[in-house]
Amino acid sequence: MSVRELIHSLAISRMILRMAAPLVPRRERAEWLAEWNGELWHVWHSCNSGTQGSNLTAFCLGAFQDAYWLRRNNPNSSLRRLFRSGSPVKCGLSLLVFALASMWVCFLVPGSRSVMLPSPYRDPGDLVMISHGGHSSEHLPTVRLEDYESWETSTGHLFTQIAFYQPARKRVRVAPHRTTELSVARATDNLFEILNVPFRAAVPDQPLHASSASLILTQSAWRRYFHSDPNLEGNTIEIGGLQARVVGIISDNSWQLPGNIDAWILEDAKHLDEMPSSSRGFVLARVKPSGFPVGSSVRRSMTVPREKGDVDRYDCVSLAQRAHEPFALFLFTLLLACLALPATTPLPLGEYPLRPDRLPSAIRFRRWFFIVIKIALILPLVFFSSLDLAYAGLPLDSPAAQYIQMIASFLGFLFALRWALQDQRRRCPVCLRLLTNPARVGQASRNFLAWNGTELMCSSGHGLLHIPEIPTSWFSTQRWLYLDSSWSSLFSDSYLAPAGFS
Amino acid sequence: MPAMAIEPKLSHTAAMILQAIHAGQVYGFSVMEMTGLPSGTVYPAMRRLERDGMIVSKWEQQSIADAEQRPLRKYYRVTRTGQSALEAIHKRYPLLEKLIPSPEVKRV
């Protein structure tokens, strides 16, 4: 039996119908399945007679639509009750789904994934990037080669190891008659040793300090430009007139330092000396435990004396601190949004007369629990969404990404918190469903003589909400009016359903 | 004072299905064959028509299915409400009757 025949067999078709059956409400399920099985028999005979071709599976797939219709239109469905208009469960579940979806996207996008995952480096708190302008210029090469060379010998009391790299666009021969431009960093041969990043050494007998330069590629560059050639490692490649031997490939997530780099040429000090001494690059160092005063892990800096008594100040930003930056931005924008929130919407939730004799404490507590849950779900939703926006197309160290995250996070928090408060004010304090049937009450021209505003009601009959059009000294905020049990017959489901209320 | 007729709001697809049942295609599969609509459209539409009282369903007799050695089938027929709805539908969709002729028209 071929696969096609198997797919269009009666047994598979019956299985599809049985898979759709659980969607049908239990009470109607047996009859529904019998009807579809009865029709299936005729469709199958029609197919065998050659009039319908391969429509057997298509016929059975329609059962899902039919079953879903029955489920959706079942008046006793708990799912229907759960998702009916204005339900707090629907609101909470929607927020949860959005938060989970934004987190899932965050893990799909390589840039935001690297923000979420822990640092790939050993002791990132001891690894520092040395730059001339602190945070603002740590994504730019600011250290001159001659400074690095002097620090190699003079900073032994501060750092155990120190490395230099300088990214540049270079033409790389990727095939015998084809070159392409890649971002290649010339680096000292101890760069990956400091980072403690493992890479596959293709030529174990070939030490990194051999006469020819060593080349390390990122996995994406290896795939894209060398078509995942398994025999590439150990080969010599021409890069901007320089011969370099491929010694390894590292995963893309292993590089989280400034510079969007495709490959690194690791060279010893002798070869690096060929570069102009004034050329600038990045410097990475591993801090000695006793190198800086205790408690200075947040702000470390060093000064370098210059000619004529001048002093240059260099900031040492730890990689752990860099990794925390997106979360620090998140907290900062949350604080800003909380400060700006009163300018966009009133903070009070309204006046709700206390009725301790009638309302159980669980119902009163549920109202506050609901707003806490909403805010608790808004926090991850905005955080992950802002990361998705910021790092979808920009590298981790990009200042543009940080600005995008900051703006998206601030606006996201401001409008989400505003919505949370407004949504809470439009809900019944008893059943937490959204209030319906807004009605204008009073006349605007008589505002100082009588009450004028909007009245909303709970469709379950728990009460009425009065919102003043213009806040006055005697009616400054919205007021809730509880309805007693004598009103309940007007709001029962049996009365509401024919009237068209959901 | 004559009773005011309320014209049912039926889509063209639902109208086609109602007309097909009226024309004698009493099973879901035969309605599909007549209208060319897929099962995922025909069966939910028939449920809606049944809910609105325009058609009723009934299981055929067991003896008929046993004689033909096949499973039981459910058949549908148009109610009086459905009939009056069809009259209004024919005014709204004049070509519908030409597409799926009614039994009376067939005899002519």
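## Close-up views of a two-chain model

**View 1. Helix α3(A) passes helix α4(A) in a right-handed crossing.** Helices (H or I, at least four residues) and strands (E, at least two) are DSSP runs, numbered from the N terminus. What you're looking at is a predicted model, where local features need pLDDT of at least 70, side-chain atom pairs count only at pLDDT 80 or more, and totals for chains, interfaces and linings use all residues. Residues are numbered from 1 along each chain as its sequence is written, with chains lettered from A and ligands numbered from 1 in the order in which they are written.

**View 2. Here's how α3 (residues 26-48) and α4 (residues 56-72) of chain A pack.** Their axes sit 10 Å apart at an angle of about 160 degrees (axes are lines fitted to C-alpha atoms over the stretch in contact, and angles run from 0 to 180 degrees between N-to-C directions). The two helices are therefore roughly antiparallel (over 145 degrees; under 35 is roughly parallel, 65 to 115 roughly perpendicular and the rest oblique). On the α3(A) side, look for Trp32(A), Trp36(A) and Trp44(A), among others; the α4(A) residues they meet as a group include Phe59(A) and Leu70(A). The contact residues split into eleven nonpolar, no polar and one charged. Two residues are in contact if their C-beta atoms, placed from the backbone, lie within 7 Å. Ala, Val, Leu, Ile, Met, Phe, Trp, Tyr, Cys and Pro count as nonpolar, Asp, Glu, Lys and Arg as charged, and the others, Gly among them, as polar.

**View 3. Chain A meets chain B.** Here, 16 residues of chain A are in contact with 14 residues of chain B. On the chain A side, α3 and α4 are the elements that give two or more residues. That side has eight nonpolar, five polar and three charged residues.

**View 4. Helix α1 (residues 12-22) of chain B is mostly covered.** Met16(B), Leu18(B) and His22(B) are among the buried ones. The cover includes α2 (28-35), β1 (55-59) and α5 (80-92) of chain B. Just after α1(B), Gly24(B) takes a positive phi of about 110 degrees.

**View 5. The largest nonpolar core has 51 residues.** A nonpolar core is a set of buried Ala, Val, Leu, Ile, Met, Phe, Trp, Tyr and Cys residues joined through C-beta atoms within 7 Å. Leu191(A), Leu215(A), Trp264(A) and Leu284(A) have the most contacts inside the largest core. Strand β3 (residues 159-175) of chain A gives the most to this core, with six residues. A second, separate core of 37 residues includes Trp32(A), Ile21(B) and Tyr43(B).

**View 6. Zoom in on Ser214(A), in strand β5 (residues 213-218) of chain A.** Ser214(A) counts as buried because it has 24 C-beta neighbours inside 10 Å. Gly234(A) is 20 residues from Ser214(A) in sequence, with 9.5 Å between their C-alpha atoms.

Note on methods: Buried ≥ 20, exposed ≤ 12 C-beta atoms within 10 Å, placed from the backbone. Left-handed = near helix turned anticlockwise from the far one by under 90°.
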